Amino acid sequence: MPQQYKIDKVNDLKSHFEKASDFIFTSYRGLTVEKITELRKRLRPLDSKYVVIKNNYIKVIGKEKGVADFGANVKGPTAVAFAEKDVNEVAKALFAFKEQGAEQLEIKGAYIAGKVLNADEIKAVSKLPGRNQLLAMVMATMNAPLQNFVYATNDVAGRFVRVVDAVRQQKEGK
């Protein structure tokens, strides 16, 4: 029979797993408390939390979520970065943090869109453009035909003005 404090802890952690649809598993072994605090500060603007969790708790919550096995993601010391909005921005922040002096941080894998990903796959996700970048690309694509039409109509009027000016200069004898 599980003890009440463990049940309470699992229920508390479930709220993190329910808020965030995607999460990234990392190993924090070798990181100091200062480094982990700095990482949490970097993830906070991305609406992400970085929580150290026991593997057994992750497995229990995973079974309740319908995920049979998180694989090698829940072996060894595990911390989870919960991504409430844009998972690739969180992945970019984790990889950037690792490159900027926290080599001990190991990205094990992730659970994104109902699929368990390994470390190589999450690295590929981190290289994708973010949501805001994709929206900007779509808007630029949608705006291009209208913008080209404006340039074309402006060019016709500009040519007309140049022809009239050339005729004026010719009549003035220049």
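I found that helix α6 (residues 131-172) gives the largest share of the lining of the largest pocket, 3 residues. Helices (H or I, at least four residues) and strands (E, at least two) are DSSP runs numbered from the N terminus. The model is predicted: local features need pLDDT of at least 70, side-chain atom pairs count only at pLDDT 80 or more, and totals for chains, interfaces and linings use all residues. Residues are numbered from 1 along each chain as its sequence is written, and side-chain values use heavy atoms, with hydrogens and water left out.

I then listed the lining, which includes Pro 45, Leu 46, Asp 47, Lys 85, Asp 86 and Glu 89. On a 1 Å grid over the protein atoms alone, a pocket is an open set of points where a 1.4 Å probe fits, with protein on both sides within 12 Å along at least five of seven lines; lining residues have an atom within 4 Å of a point.

I looked up Asp 47 next, and it sits in the loop between α2 and β2. Its phi is positive, near 55°, in a residue other than glycine. Asp 47 is partly exposed, at 31% relative accessible area (buried is under 20%, exposed over 50%, partly exposed in between, with a 1.4 Å probe and protein chains only).

Gly 101 follows α4 and has a positive phi, near 115°.
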